[in-house]
Amino acid sequence: MADDLPVARVVVEVPVLRLDHTYDYLVPVSMAEGVTAGVRVKVRFGAQDVDGYVLERLATSEHEGTLRPLRRLVSTEPVLPSASARLCRVVAEHYAGSMSDVVRLAVPPRHARTEDEPLAEAAVTTGDQPHTGSRPPRAPDGPAPVVSAPHGSAPTDAGPWTGLAGGEAFLRHAASGSAVRGVWSALPGRWAAGGTVLADDGWEDMIARAVRVVRDGGRGVLVVLPDVRDVDRLSRALDAAGLRDATASGRTLPDDDGRAHGYVRLLADDGPAQRYRSFLAALRGHARVVIGTRAAAFAPVAELGLAVVWEDDDPLHAEQRAPYPHVREVLALRSETEGCALLVAGLGRSVEAQALVRSGWAHEIGAARAVVRERAPRVRALTRVEVAREGPAAVARIPSAAWRIAREGLAQGPVLVQVPRAGYVPVTACGTCREPADCPDCHGPLGLASGSSTPQCRWCGRLAAAWSCPRCHGSTLRSVLVGSERTAEELGRAFTNVPVRISGARSAGGVLATVSGASALVVATPGAEPVAAGGYAAALLLDAGVATAGTQLRTRQDAVRRWLTAASLVRPATAGGVVAVVGDGDEVVTGALVRWDPAGLADRELDERVELGLPPAVRVGALTGPRQAVMAVLAETPLPPGATVLGPVPVTPADGGATVLGGELGDVRAIVRAPRGEGRLLAASLRAGVAGRGARRGAGTVRLHMDVADLV
């Protein structure tokens with residue numbers, strides 16, 4: 001092969017926009033057999049050796065100079081097959097980043113010992129010939145072929161999907177290999193009075209059913225979820241559906257007949273060995289189903305037929321490293337490049353998902369209103385107007401109506417109490433003039449860790465034992481925001497014979513996965529609500545005004561998603577389940593929860609954003625850096641038709657003195673927006689402008705972030 005294809009085209013791991021190209025190298029004769037598309041290599045780049053990936057072998061090179069030889073073949077494992085390489089390039093162009101940055105997200109670090117693990121001694125069927133040994137034979141570019149059912153077979157049992165408008169049709173098309181796209185707003189599972197399960201149709205059971213149908217149709221499935229707790233819930237549902245965790249025993253092997261019947265979990269928190277083992281299982285075709293968190297979006301699933309993103313509006317789906325891709329957009333691009341079906345699912349509905357439905361790119365999948373009323377709990381909005389008859393008690397944080405709901409719920413089972421903030425009293429104010437209490441050193445907010453603790457700054461940690469108000473010189477403090485621990489303390493005093501449990505990342509017991517069906521008060525912060533056996537009898541969503549306050553674009557949809565997550569754990573109204581929204585929250589968000597209509601809220605939000613020219617109606621790019629450098633990039637970059645520039649404005653400090661978008665103090669930020677149809681041209685133009693300035697070595701570094709979530 002060295003004589004016929006002596007040139008290797010390589011993408012190098014140099015995350016600099018101006019160097020984001022492919023480079024040609026000579027393949028030494030000693031590496032000729034091992035250097036195939038997708039393998040890792042070491043190359044000489046400038047004055048140092050860097051890592052790279054071979055994209056293809058060529059007969060000739062267009063480079064006019066002398067080619068350098070490859071320095072070393074790191075591994076013969078093709079970890080970047082052609083489909084993954086195309087996806088990485090498309091994602092890099094979409095987000096105006098470098099391909100090497102995307103490849104770093106897509107391919108986990110190599111773990112040599114895991115890569116060399118032997119397979120089972122039994123023969124593994126790959127095609128027509130059995131094979132034994134440490135590694136199954138495969139094509140030069142791609143995973144091992146897998147014996148599978150013929151494409152086009154109809155699903156044998158769509159189960160509860162038949163009760164959704166468009167649900168059964170979606171599964172049928174996905175199983176047959178069609179690139180159908182759907183947006184689905186899930187409902188809570190069904191319970192009977194007393195918490196008895198009526199049917200396995202919770203969101204995890206529905207997704208497990210879809211996985212089974214598409215996999216039985218002979219195609220692979222990828223499911224990306226926000227966090228490990230969601231992955232655990234789906235794992236249990238897949239086990240109940242007859243699929244097995246192929247990595248449970250520490251090895252990823254196909255079944256005796258050579259078909260990949262199991263699934264693997266691909267999690268960044270699993271450690272390098274387990275993560276690489278799961279990655280190789282998908283790459284080699286030993287598992288046709290991959291579930292995991294954000295890192296799994298690029299998993300090389302063989303013959304991918306369906307990609308699913310659960311709760312696409314969860315911030316955990318947004319990558320925090322350049323070029324900041326979002327799982328929903330990665331899977332949407334994957335649907336286009338690989339021709340697979342896509343399901344955007346969640347209890348809520350993101351504005352971006354609603355835009356896909358309105359444009360016709362995706363179809364809505366949902367239940368009839370009668371089904372929604374049957375499955376959802378009763379929701380009451382306990383605003384000051386609603387409880388005005390209670391007199392002065394109407395302004396209490398927990399009015400008497402909420403106490404009654406909790407008391408009645410405890411007679412039937414556990415009661416969930418969701419609190420927007422963790423801690424004891426995270427924010428305080430002067431007890432005399434009610435001016436916010438700030439740290440005298442860094443001006444951060446002062447909080448209390450317990451009822452007897454000394455006020456402490458949440459930014460710098462300085463104790464403020466002798467604090468006095470600079471405005472009125474008062475020395476007493478009052479609570480402004482009450483955290484989960486103080487709430488649990490108050491509830492414990494009110495219900496002396498009822499156990500109180502706290503679930504949260506900062507609590508002593510950490511985040512609880514489940515609780516029993518016995519009467520108890522469970523205080524949890526958003527996202528840390530444990531699942532109760534038989535469902536909660538009631539839920540109190542406290543501090544509605546705090547939960548819906550904010551000026552960010554995502555404030556409303558984040559609030560309704562958090563509320564729906566908690567409310568979905570409560571028994572339906574037909575089984576006595578009640579959810580109380582306590583406080584004067586945003587009327588639009590509260591109304592969406594009362595009606596259980598997240599799609600309606602998303603549609604309304606989309607109308608407002610179209611009118612105001614905000615994402616996702618437009619695409620935006622944020623340029624952050626020194627003012628002179630940002631202005632130079634804007635002046636030198638030709639923008640697409642209809643593009644407008646907002647700013648530049650000073651970067652806004654965040655908690656602890658940090659700044660948004662990775663900017664430094666003194667930096668500015670400019671927002672460039674363009675019509676949705678010019679989005680790719682906008683990304684290409686800004687990318688070229690930033691890369692050009694880097695090539696000219698202009699003073700100051702300008703950072704580019706496409707599709708920034710918030711503009712403030």
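Analyst: Please note that the model is predicted. Just after helix α9, G360 takes a positive phi. The value of that phi is about 90 degrees.

User: Which elements do the buried residues of α9 pack against?

Analyst: Helix α9 covers residues 351–359, and its buried residues are V351, E352, A353, Q354, A355 and V357. These buried residues pack against β8, α8, β13, β14, α14 and α16.

User: Is the pair of Y23 and F45 stacked or edge-to-face?

Analyst: Y23 lies in strand β2 and F45 in strand β3, 22 residues apart. Planes over 60 degrees apart count as edge-to-face. The ring centres of Y23 and F45 are 5.0 Å apart and the planes stand at 80 degrees, so the pair is edge-to-face.

User: Is Y23 buried or partly exposed?

Analyst: Buried means under 20% relative accessible area. F45, at 16%, therefore counts as buried. Y23 has 21% relative accessibility, so Y23 counts as partly exposed.

User: How many residues apart in sequence are the parts tied together by W203 and W310?

Analyst: W203 and W310 form a stacked pair, 4.3 Å centre to centre with 15 degrees between the planes. Both residues are buried. W203 lies in helix α5 and W310 in strand β12, so the pair ties together parts whose separation in sequence is 107 residues.

User: What distance separates the C-alpha atoms of V498 and S519?

Analyst: V498 lies in the loop between α12 and β21. Among the residues that V498 touches are L410 and S519. V498 and S519 are 21 residues apart along the chain, and their C-alpha atoms are separated by 7.1 Å.

How values were computed
Residues are numbered from 1 along each chain as its sequence is written. This is a predicted model: local features need pLDDT of at least 70, side-chain atom pairs count only at pLDDT 80 or more; totals for chains, interfaces and linings use all residues. Side-chain values use heavy atoms; hydrogens and water are left out. Buried means under 20% relative accessible area, exposed over 50%, partly exposed in between (1.4 Å probe, protein chains only). Helices (H or I, at least four residues) and strands (E, at least two) are DSSP runs, numbered from the N terminus. Contact means heavy atoms within 4.5 Å. Rings of Phe, Tyr and Trp (its six-membered ring) pair if their centres lie within 6.5 Å; planes under 30 degrees apart count as stacked, over 60 as edge-to-face and the rest as tilted. Lists of a residue's contacts leave out its neighbours within four places in sequence.
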